[in-house]
Amino acid sequence: MLQCIFLLSDSGEVMLEKQLTGHRVDRSICDWFWHHVISQGDSFKSQPVIASPTHYLFQVVREGITFLACTQVEMPPLMGIEFLCRVSDVLSDYLGGLNEDVIKDNFVIVYELLDEMIDNGFPLTTEANILREMIAPPNIVSKVLSVVTGNSSNVSDTLPGATGSSIPWRAAEPKYANNEVYVDLVEEMDAVINRDGALVKCEVYGEVRVNSHLSGLPDLTLSFANPSILDDVRFHPCVRFRPWESHQVLSFVPPDGEFKLMSYRIKKLKSTPLYVKPQLTSDAGKCRVNVLVGIRNDPGKTIDSITLEFQLPPCILSADLNSNHGTVNILGNKICSWTIGRIPKDKTPSLSGTLLLETELERLHVFPTFRVGFRIMGVALSGLQIDKLDLKTAPSRLYKGFRALTRAGEFEVRS
Amino acid sequence: MAPPAQSQRSPSPSQPSGKSEVSDLKLQLRQLAGSRAPGVDDSKRELFKKVISYMTIGIDVSSLFGEMVMCSATSDIVLKKMCYLYVGNYAKVNPDLALLTINFLQRDCRDEDPMIRGLALRSLCSLRVANLVEYLVGPLGSGLKDSNSYVRMVAVMGVLKLYHISASTCIDADFPSILKHLMLHDSDTQVVANCLSALQEIWSAEASTSEEASREREALISKPFIYYLLNRIKEFCEWAQCLVLELVTKYVPSDSSEIFDIMNLLEDRLQHANGAVVLATIRVFLQLTLSMTDVHQQVYERIKAPLLTLVSSGSPEQSYAVLSHLHLLVMRAPYVFSSDYKHFYCQYNEPSYVKRLKLEMLTAVANESNTYEIVTELCEYAANVDIPIARESIRAVGKIALQQYDVNAIVDRLLQFLEMEKDYVTAEALVLVKDLLRKYPQWSHDCIAVVGNISSKNVQEPKAKAALIWMLGEYSQDMQDAPYVLGSLVENWDEEHSAEVRLHLLTAMMKCFFNRPPETQSALGAALAAGIADFHQDVHDRALFYYRILRYNVSVAERVVNPPKQAVSVFADTQSSEIKDRIFDEFNSLSVLYQKPSYMFTDKEHRGPLEFADELGNLSIGEAANNVVPTQMVEENDKDLLLTTSEKEETKGSRNNGSAYSVPYDGSSTSVFASQTQIESAVSNPTLAGHSPQASFAIDDLLGLGIPAAPAVLSPPQLKLNTKAALDPSTFQQKWRQLPVALSQEISVSPQGAAALTAPQALLRHMQSHSIHCIASGGQSPNFKFFFFAQKFEESSNYLVECVINTSSAKAQVKIKADDQNTSQDFSTLFESALSKFGTS
């Protein structure tokens with residue numbers, strides 16, 4: 001049971017305070033918290049659950065805003081953390097992004113939302129779709145509308161029908177002139193590659209995102225061509241469990257608008273689209289660096305937004321690094337960032353140069369880890385394929401769209 | 001997140017300093033209060049917004065209360081909301097003015113818009129002013145009957161708020177039974193969920209005083225009700241599902257087919273998008289199958305994938321919480337996860353606390369088949385930029401080495417660390433090589449060759465230095481320059497700040513002396529002289545001891561200081577298995593994140609509702625056996641201790657005496673005991689007899705002589721306890737869940753008793769002498785926790801007691817449960833008297 005929620009700005013200022021139970025939580029807890037955060041230092045991220053002398057604190061940080069919740073009783077930790085994550089999601093959805101100003105400008109809406117999301121310390125509705133019907137988002141349309149009609153209330157007059165329906169995620173029967181449904185496969189590849197090029201670990205975490213604008217109560221079925229490759233799956237509450245269990249078919253009545261239908265994990269993948277070959281040789285107080293990047297397995301579509309980043313070890317005095325393609329920057333915190341973009345046809349991008357070590361050091365003992373970023377449109381690297389999407393009692397005009405995207409998650413190459 | 005360095009709250013230039021702005025607002029509000037001009041709502045809204053924003057940044061705007069209330073007559077819902085917010089914040093400090101708001105809130109409670117009805121009711125209940133509760137009952141009553149579920153939902157929570165302000169008003173209005181009706185019949189699941197959470201709190205709080213409430217609370221975990229909830233679980237919102245699942249963990253199914261039914265029903269919850277639901281489900285699964293070993297294993301296999309997915313899918317914060325739980329499971333059943341070791345590989349970007357958990361898991365899952373890969377991976381981290389993690393990974397390699405049989409490859413790795421020429425890597429590796437040699441002396445040859453090359457000047461950390469010195473002493477025979485290295489260290493005796501290192505140096509010098517006397521003699525003399533002059537008493541004492549024993553007889557000294565050593569088989573674990581079990585029972589709670597059971601960090605008063613079943617925890621059989629046959633366990637432990645036979649016999653003898661003493665009564669003397677407890681209870685009960693030292697002397701005398709003399713007049717409680725009561729932990733656990741709390745009270749412990757309670761065992765023996773047996777205990781000073789049980793003489797009626805003693809306040813919180821409720825008061829008196837005697841007799 002949460003007792004209080006605070007929103008803190010990136011300088012530790014309390015932007016919002018919402019007491020939830022009769023036990024008032026004094027604001028001084030935020031001072032304690034902020035002090036604690038600072039004492040942890042910059043490089044060391046503070047833990048999401050902290051025990052202060054008086055309270056247990058949950059914290060979630062999004063875009064510089066700290067969502068802090070306090071409790072004095074034992075409770076499932078994930079409940080606190082998940083709830084704060086939802087709050088931040090809903091707020092960023094409502095306010096079109098999160099930052100100090102937007103929260104300060106709309107704090108009344110934030111209060112209203114919190115009021116509906118949690119009562120007496122226990123979470124209630126956290127579905128953005130339903131909240132939107134109780135409290136209108138502060139978008140331009142509603143502002144214009146309020147000027148025109150003179151009705152300046154940002155609260156809808158009706159209560160959401162769904163609060164009483166058995167499908168809590170769907171508002172009562174919306175109507176659309178154009179019925180559309182889009183399905184996106186978004187995958188992130190996590191990989192660790194050793195200095196000898198061996199793949200230590202490679203797996204894909206993917207999400208099926210659906211954007212649905214369908215009239216009435218649509219009943220959808222989505223099937224995959226190769227569902228057997230999925231290692232583990234998690235579903236939005238709307239997915240029916242039995243059809244999945246028996247035929248690996250997703251059968252569901254979607255919420256209106258955008259939502260995450262399913263997330264999945266596929267492990268033990270055998271190859272990566274890119275190779276990165278770092279070479280570091282050091283002697284006599286200098287270290288020669290040479291990094292090659294190229295395509296290992298052509299995914300059939302262009303790989304773009306390729307980046308490579310690494311932290312220079314603290315014992316390095318200066319670095320002189322150049323590349324034959326793209327740009328190299330050394331940022332203030334000794335992070336070297338190489339932006340490659342696409343791989344040209346005629347040459348292999350390479351980064352080379354020397355690092356100067358601290359005077360008493362002969363050789364380099366700390367080896368940097370290279371973090372790689374890339375994006376491939378139109379391909380789900382795991383090989384997962386959508387077979388078909390069916391709609392029971394299809395409306396006369398229905399548009400279905402499918403897309404796929406893979407990007408690098410935690411893609412690391414050791415040297 | 002990278003918080004900027006300054007913690008100062010620099011007020012932004014636009015931020016008002018306070019006073020003048022507030023009085024300015026007051027004036028403006030007053031002007032608007034009576035106005036009915038068009039557009040007045042817009043200007044009000046601006047003003048309200050200002051007021052709320054002042055309130056938010058912490059400026060006291062309570063002086064505007066009157067004006068705010070005056071302006072609250074409006075039909076604009078946003079204005080209303082802001083007003084409610086304001087009123088809710090300041091009503092508590094302005095109880096008189098709060099009365100002004102009652103009127104408009106009550107009117108809003110009858111509004112035709114259900115949204116407004118709900119909001120008004122919520123605000124009305126959030127005022128939390130004690131003398132206004134009479135105004136709450138009416139609106140709440142009609143709110144509970146409202147046709148709109150939103151209003152009912154709010155009203156249910158309102159009842160709970162009312163209960164916290166004034167429990168008697170809430171009970172008198174019979175709200176709990178209305179809630180119960182709603183909980184069982186309402187069509188809206190959110191209303192049902194709110195009823196459930198409200199009733200849990202109300203009934204738990206009432207249970208200690210009202211038998212009906214405790215019965216109702218028990219009914220919540222009865223089969224029909226649990227099934228009613230389970231069958232509808234998919235209709236509940238995700239948070240309510242967590243609530244239901246938490247309740248289900250407390251339900252004890254009657255047979256295994258029921259367990260399977262529940263698990264089948266809940267299996268798809270493991271695939272839920274909300275991590276809190278998944279973890280709650282896992283907890284249900286683990287709890288249900290605790291007694292079914294095979295199924296329990298299958299559950300581990302089943303929950304593995306969802307947990308691993310949760311770790312890799314969520315935000316870092318979620319990952320961490322899940323990872324902590326995974327850590328717990330991995331530690332409990334490492335073999336289940338041994339093929340998933342790659343999931344515990346650290347990523348470069350992860351925060352250190354995550355890496356630390358992962359390192360521990362990697363250490364735990366290492367077995368014959370994956371050791372090579374894991375150690376290779378760990379060695380990668382040794383070159384990590386993050387120094388604490390690099391250290392931890394080296395330690396992890398060492399731990400794996402110590403738990404494996406085939407250490408060939410690992411030793412090579414460790415020796416490579418020594419050659420890495422990084423001071424902290426060398427330091428950690430030295431400590432490890434030392435431990436390794438203690439366990440596997442056969443590796444000494446390879447290790448010493450490398451260790452010998454390390455210059456002691458490059459080792460600064462006390463622990464590492466001590467390890468190096470130990471090795472120099474232990475293997476001085478095989479290390480060419482050992483005496484000279486040690487000698488140079490002795491020369492710099494004064495520069496050595498760590499007493500630990502100096503102690504090791506003394507011992508190492510001795511060992512070296514026995515092996516190579518001519519080379520060491522002079523250095524040893526210098527060392528002993530320096531040691532005797534040392535200001536640290538331990539160093540001084542040890543040096544003096546060595547000096548005297550050498551003077552007495554050198555060969556005796558050698559036998560004492562440098563006897564042939566036995567390889568250490570197992571290094572002691574830091575966390576006891578009891579604590580680990582306890583944490584496991586608190587799965588899906590904060591305990592897991594802190595790696596401590598909740599009684600170690602939560603204050604009693606802050607415990608949540610319906611905590612009763614959790615507290616009992618898993619009383620492992622081993623622990624119970626420990627209580628029953630202490631001597632046997634001790635003997636087993638003794639095998640590991642290097643005691644001489646005579647010493648061993650001595651301890652055994654005294655221990656036997658001890659145990660004979662702690663069980664003073666056999667079956668034939670039960671009557672003696674029974675009458676004696678009567679006197680005790682009479683004496684310790686001040687209303688019946690004054691507690692005089694003479695009286696307790698008399699009892700001591702009785703104890704010694706065993707004369708059955710009891711003045712029957714003074715002893716109303718006619719309760720005899722069975723001295724040989726027996727109860728197995730699982731029955732205890734089951735009974736504890738089923739029985740209501742018969743009595744709950746605070747008992748004072750005598751100051752002597754509090755002082756004597758340094759370890760739980762002291763009290764156990766004492767209580768056992770009063771035929772009250774302990775089934776589980778734990779805690780550290782000043783908080784101890786015990787579970788006792790006792791049985792009625794010649795009847796199988798049990799008394800169960802939970803007793804939390806705080807030695808610093810000399811108070812004990814006691815909860816008693818009994819099969820036979822009528823005698824629980826008698827038992828309580830008995831228990832109290834027994835406890836109060838602790839330390840005085």
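Student: How do you know how much area is buried between chain B and chain A?

Tutor: Buried area is the accessible area, taken with a 1.4 Å probe, that two parts lose on being put together, summed over both. For chain B and chain A it is about 9,400 Å², and carbon and sulfur atoms give 55% of that. This is a predicted model, in which local features need pLDDT of at least 70 and side-chain atom pairs count only at pLDDT 80 or more, while totals for chains, interfaces and linings use all residues. Residues are numbered from 1 along each chain as its sequence is written, chains are lettered from A and ligands numbered from 1 in the order in which they are written, and side-chain values use heavy atoms, with hydrogens and water left out.

Student: What makes a residue part of the contact, and how many residues does each chain give?

Tutor: Contact means heavy atoms within 4.5 Å. By that rule, chain B gives 110 residues and chain A gives 103 residues.

Student: Why is the pair D115(A) and R122(B) called a salt bridge?

Tutor: The term needs a side-chain nitrogen of Lys or Arg within 4 Å of a carboxyl oxygen of Asp or Glu. In this pair the closest N and O atoms are 3.8 Å apart, so the pair meets the rule. In general, side chains of opposite charge can pair when their charged atoms come close. D115(A) and R122(B) also belong to a network of salt bridges with K18(A), E116(A), D119(A) and K161(B).

Student: How many salt bridges are there between chain B and chain A?

Tutor: There are 9 salt bridges between chain B and chain A. On the side of chain B that touches chain A, 47 residues are nonpolar, 35 polar and 28 charged. Here Ala, Val, Leu, Ile, Met, Phe, Trp, Tyr, Cys and Pro count as nonpolar, Asp, Glu, Lys and Arg as charged, and the others, Gly among them, as polar. Over all chains, the count of salt bridges is 46.

Student: What makes K260(A) and E207(A) a link between parts of chain A?

Tutor: Their side chains meet in a salt bridge, at 3.5 Å from N to O. K260(A) is in strand β13 (residues 257–266) and E207(A) in strand β9 (residues 199–213), so the pair ties together parts that are 53 residues apart in sequence. Helices (H or I, at least four residues) and strands (E, at least two) are DSSP runs, numbered from the N terminus.

Student: Why is E207(A) called buried, and what is K260(A) called?

Tutor: Buried means under 20% relative accessible area, exposed over 50%, and partly exposed in between (1.4 Å probe, protein chains only). E207(A) has 11%, so this residue counts as buried. K260(A) has 38%, so that residue is partly exposed.

Student: What makes E63(A) stand out, and is E63(A) buried or exposed?

Tutor: E63(A) has a positive phi of about 50° although it is not a glycine. E63(A) lies in the loop between β4 (56–62) and β5 (65–71) of chain A. Its relative accessible area is 65%, so E63(A) is exposed.
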